[in-house]
Amino acid sequence: MIRMVNQETTDIDVGFTHEDFAALLDKYDYHFSPGDVVAGTVFSLEPRGALIDIGAKTAAYIPIQEMSINRIDSPEEVLQSNETREFFILADENEDGQLTLSIRRIEYMRAWERVRQLQAEDATVRSMVFATNRGGALVRIEGLRGFIPGSHISTRKPKEDLVGEELPLKFLEVDEERNRLVLSHRRALVERKMNKLEVGEVVIGTVRGIKPYGAFIDIGGVSGLLHISEISHDHIDTPHSVFNVNDEVKVMIIDLDSDRGRISLSTKQLEPEPGDMVKNPQVVYDKAEEMAAKYREQVLAQQQGKSMTLAEPEPPLEVDVEDLPSAIDEE
């Protein structure tokens, strides 16, 4: 006996709509927000960008300008198919439900973290000048664009000739919020020179500038201040009465401040007799090493707590050289 089966189909109410299914997918989908750093796999490389699988319902997109902190011409310079790496979510979903990603932003944040660390360590870095402008020179540090003010470039070359040249640099300002990275070539050179100098040492220099408060002496490419109070034991109305620009002089180093890039000098401590710098400077220069040796002995005795018959040398007068950039920069 053959039993016939009814071929008519009937709707079965399972109580589960397409909307319910979409809601279930959303429940198990990750929630992505701008600012998040997520892992993603390169799904497809395109001429001006790439599609990235980060586990969202729709592949995310990274435009070529967001692939590196440096300029690149094609995605293949940075990404490879099926490569997995970190991405920064730059923008929320567009009308197609697609997120925009960035690698450049991650590199940017890490670069600022690195330069802050270098500044804290008072590190000297080296970088090549890639451009100049009216105010100074431009370099790149950890991929970030840095600026060297003209007053902090210690070279007799025209600024334009520095393009392509690598310079030692110290950090002056690191400010991520204001996007300011300012560096000094002069300070790096001063530190290098100062490491080879000692307090109590006699050096030969050239007068590069004269101000009412003292003379600026070039010592092998760095400037030191010979304050008016350290020229002679005799009263001096103006340094012009003793020195002229381009005079060659013998001076003694009485203070080195590497943190602030300052060198304090004296001829007063080299005078065999008070007032010799005014009456007969050559006598001071002839006996400079002898008087400097006595000065060093005196300083050593003071450090050891011994009394000496020589008068205690006067401390150098503090002058904020940073407020006088035109006076200390090489011309």
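**Asn179 and its surroundings**

I looked up Asn179 first: leaving aside neighbours within four places in sequence, Asn179 is in contact (heavy atoms within 4.5 Å) with Tyr108 and Trp112. Asn179 sits in the loop between strand S10 (166–175) and S11; helices (H or I, at least four residues) and strands (E, at least two) are DSSP runs numbered from the N terminus. I also checked Asn179 against Gly146: they are 33 residues apart in sequence and 9.5 Å apart in space, C-alpha to C-alpha.

A note on conventions: this is a predicted model, in which local features need pLDDT of at least 70 and side-chain atom pairs count only at pLDDT 80 or more, while totals for chains, interfaces and linings use all residues. Residues are numbered from 1 along each chain as its sequence is written, and side-chain values use heavy atoms, with hydrogens and water left out.

**Second largest pocket**

I then looked up the second largest pocket, which holds about 250 Å³ of space. Of its 14 lining residues, Arg140, Gly143, Leu144, Arg145 and Asn179 are the closest to its centre. A pocket here is an open set of points on a 1 Å grid over the protein atoms alone where a 1.4 Å probe fits, with protein on both sides within 12 Å along at least five of seven lines; lining residues have an atom within 4 Å of a point. The volume is the space filled by probe spheres set on the points, which are joined across faces, edges and corners.

Which elements supply at least two residues each of the lining? I found helix H2 (104–120), strand S8 (136–141), strand S9 (144–149) and strand S11 (180–184). S9 gives the most, with four residues.

**Helix H2**

Just after H2, Asp122 takes a positive phi of about 55 degrees.

**Val174**

I looked up Val174 in strand S10. Val174 counts as buried because its relative accessible area is 17%. Not counting residues up to four places away in sequence, Val174 touches Trp112, Val115, Arg116, Gln119, Arg180 and Leu181. Val174 and Arg116 are 58 residues apart in sequence but 6.5 Å apart in space, C-alpha to C-alpha.

Note on methods:
Buried < 20%, exposed > 50% of the residue type's maximum accessible area, 1.4 Å probe, protein only.
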